[in-house]
Amino acid sequence: MRKDVSFDSKGLKCCGWLYLPDDIEADEKVPIIVMAHGFSAVKEQVLPEFAERFVDARFTTLIFDYRYFGDSEGEPRCQLFPLDMVEDYRNAITWVCEQPHADADRLGVWGTSYSGGLVAYLGIFDKRVKAVVAQVPSITNAESRRTIDPDRWDNVGRFLLQDRIERYKTGAVNYMKVVAPEGEPCILPGKETYDAYMELKDAAPNWRNQITLESLEKIREFDPVSLIHLMAPTALLVIAAEKDSLIPLDVVEAAYERAVDPKELIVLPIKHFDIYQDPWLSRAANDAVAWFTKYLV
């Protein structure tokens, strides 16, 4: 069973889908999984395939769009502020825990790519969460991102400073494409990334290939790494891609090493976007189900 739902987050309506097991009894409560998408993406893009596997395993499952994205409210559109997105997760948790069939004492969160970093951060600070699954996750901070490409980091910093001065003077909201063909400026360059986003966009006509430049400032400042050791006793599963060109494996492994038990790292022999297609989608979903079953059932 899937139904359209919405909840309030800082005065704006976030829209989502709530999945319930088909055979649920009238007075039965089942464990909860709350999930949302990654960098600029919306709920229609692959998330239902994962949610359906979770609900088949008898988890109440909520997927939603962040404020400023997809079907949810908020202006300017495509404003990707990580701490606001974490707040949306927390408000989603509060809402779903009040639903009749949801067991608030058995709650997990799932994130992929950029939302993998969001759920890692969430697991540190919101102790309602008992289990976290972060797949191909952006568990990075300023230090690790600058290490990947110091020149690009510094050049982008200077560019964003110019945008900040313009925003202050004029109030202008400037945008940049998330992906673009080779040779065009964008946030996530490369043919592999462009092709993957173009394929995913077919499932979501309301996805927009842009985010505000101010978002890049907030992204640079977001840190799900430094305090990850405080997540315990919340259980952390990281599903990483060995050939990930967006989030190098050694960066993910370094963040994982900072976490403490209970934790597990699974490394799949794939590229970043392979996890959204079978056989790897099913493999990752099954690993997540096993983790949530171990710690929530």
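**Cavity, rings and charges**

Tutor: One cavity of 30 Å³ or more is counted here. The model is predicted, so local features need pLDDT of at least 70 and side-chain atom pairs count only at 80 or more, while totals for chains, interfaces and linings use all residues. Residues are numbered from 1 along each chain, and side-chain values use heavy atoms, with hydrogens and water left out.

Student: What makes a space a cavity?

Tutor: On a 1 Å grid over the protein atoms alone, a cavity is a set of points where a 1.4 Å probe fits but cannot get out, and lining residues have an atom within 4 Å of a point. The largest cavity is lined by residues including Ile228, Met231 and Thr234, and its volume, the space filled by probe spheres set on the points joined across faces, edges and corners, is about 40 Å³.

Student: Why is the pair of phenylalanine 54 and tryptophan 110 called edge-to-face?

Tutor: Rings of Phe, Tyr and Trp (its six-membered ring) pair if their centres lie within 6.5 Å, and planes under 30 degrees apart count as stacked, over 60 as edge-to-face and the rest as tilted. These two rings are 6.2 Å apart centre to centre with 65° between the planes, so the pair is edge-to-face.

Student: How do you know that the charged end of arginine 2 sits over the ring of tryptophan 17?

Tutor: The rule asks for NZ of Lys or CZ of Arg within 6 Å of the ring centre and within 35 degrees of the ring normal. The charged end of arginine 2 is placed over that ring, 3.7 Å from its centre, and lysine 218 lies over the face of phenylalanine 81, at 4.7 Å from the ring centre.

Key
On a 1 Å grid over the protein atoms alone, a cavity is a set of points where a 1.4 Å probe fits but cannot get out, and a pocket is an open set with protein on both sides within 12 Å along at least five of seven lines; lining residues have an atom within 4 Å of a point.
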